[in-house]
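Subject: Structure handover

Hello,

Here is the structure for your files. My notes come after it.

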Amino acid sequence: MKKYFVILMALMLALSVFSGCNKSAEEVKSGDETEITIGEETEEAVEEVSEEQGATLPFSEPMGFYFSSGAGAWSTEIYLEKDGSFTGGFHDTNMGESGEENPYGTCYVCNFSGKFGNIEKMDETSYKMTLSEITTEKAVGEEWIEDGVLYVASTPYGLEGGTEFIFYTPDAKADSMPEEFLFWWPERFSEVLPETLMHYGIHNVETNDGFFTYE
C-alpha cells in the first residue's frame, strides 16, 4: 500500500507541474498578443495623426525664397517652414514718385504671413500645395511717411492671384516647366542652361510667378 501511495503521489505531483507549465505558457501567449495589439493600435494612431497633419516639404531648416526680376528695386521674399507656414515681405521703391513731404520717393511694402496647406507629393522632385491662408500686416492702401519716404501698404506680390502652387526640389527637370515660370529662374542667364533647376522653387500655377532659393 505504501508503495502504491508513493506512486500515486508522484503521479499527482507530475500532473500538477504539467498543468502549471501549460498555464504559464498560456499567460505568456496572452501577454504577447496584448503587446502586439497595443503595438498595432499605436502604429495605426500614428498613421492617423500623420494623415491629419498632412505631408511636409523635403527640407529641415527654414529656407528663403525670392521673387525678383534681378533688375529694379523690387522683390518679394518668403521664409518657408517645412510644414508650409511662412512669413515674408514685398517692397518696391520708386524714387520718381516724390514730393515735398516725401523727397526720397515712394516705397510700396507688404509684410505678411500665411501657410501652404494640402501638401501632397507628386513625384520625387515636386509637391503640390494650396495657399490656404495669408494675412497682411497693414490694410492695402494705408499710407505713412518716415524719413522723407512715403510708404504705401501693398499686396503680397507673387502670391496674390493664385491658390495652387508647386514646390520643386533642385533635381526637378527644367524643360518640363512653363517658360513664363522659368523667366524668374536664377539660371536663365547661364550660357548653357542646366537640365535641372539647381535651386528649390515655388511655382504660382495660375500666374506663373516663381520664387527661388539663391544658394
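The notes below run from the overall fold to single residues and pairs.

Please keep in mind that this is a predicted model.

Overall fold

The protein chain has two helices and 10 strands. In sequence order the elements read α-β-β-β-β-β-β-β-β-α-β-β. Of the 215 residues in the protein chain, 34% are buried. The accessible surface of the protein chain is about 13,800 Å², and carbon and sulfur atoms account for 54% of that area. As for contacts between residues at least 6 apart in sequence, 56% of them join residues at least 24 apart.

Aromatic residues

The count of aromatic pairs is 19. One of them is Phe67 with Trp74, in an edge-to-face arrangement with the ring centres 5.1 Å apart and 75° between the planes. The arrangement is called edge-to-face because the angle of 75° is over the cut-off of 60 degrees. Phe67 and Trp74 are both buried. They also belong to one aromatic cluster, whose other members are Phe90, Tyr157, Phe183, Trp184 and Phe211.

Tyr214 sits in the segment after strand 10, which covers 210–212. Its relative accessibility is 44%, so Tyr214 counts as partly exposed.

Salt bridges

Side chains of opposite charge can pair when their charged atoms come close.

- Lys121 and Glu124 are joined by a salt bridge with an N to O distance of 3.3 Å. Lys121 is partly exposed, at a relative accessible area of 41%, whereas Glu124 is exposed, at 63%.
- Lys138 and Glu142 form another salt bridge, with 3.9 Å between the closest N and O atoms. Lys138 is partly exposed at 31% relative accessibility, and Glu142 is partly exposed at 34%.
- Lys173 and Glu195 meet through their side chains in a salt bridge of 3.9 Å, N to O. This pair links distant parts of the chain, the two residues being 22 apart. Lys173 is in the loop between strand 8 (164–168) and helix 2 (179–182), and Glu195 is in the loop between helix 2 and strand 9 (201–204). With 45% relative accessibility Lys173 counts as partly exposed, while Glu195, with 61%, counts as exposed.

Thr106

Is Thr106 buried or exposed? Its relative accessible area is 3%, so Thr106 is buried. The residue lies in strand 4, which spans residues 106–123. Its side chain makes a polar contact of 3.2 Å with the side chain of Asn102. With neighbours within four places in sequence set aside, Thr106 is in contact with Asp92, Thr93, Asn94, Glu97, Val149, Leu150 and Val152.

Regards

Note on methods: Residues are numbered from 1 along each chain as its sequence is written. This is a predicted model: local features need pLDDT of at least 70, side-chain atom pairs count only at pLDDT 80 or more; totals for chains, interfaces and linings use all residues. Side-chain values use heavy atoms; hydrogens and water are left out. Helices (H or I, at least four residues) and strands (E, at least two) are DSSP runs, numbered from the N terminus. Buried means under 20% relative accessible area, exposed over 50%, partly exposed in between (1.4 Å probe, protein chains only). A salt bridge is a side-chain nitrogen of Lys or Arg within 4 Å of a carboxyl oxygen of Asp or Glu. A polar contact is a pair of N or O atoms within 3.5 Å; within protein, one must be able to donate a hydrogen and the other to accept it, and residues adjacent in sequence count only if both atoms are side-chain atoms. Contact means heavy atoms within 4.5 Å. Rings of Phe, Tyr and Trp (its six-membered ring) pair if their centres lie within 6.5 Å; planes under 30 degrees apart count as stacked, over 60 as edge-to-face and the rest as tilted. Accessible areas come from the Shrake-Rupley method with a 1.4 Å probe; for residues, only the protein chains shown count as cover.
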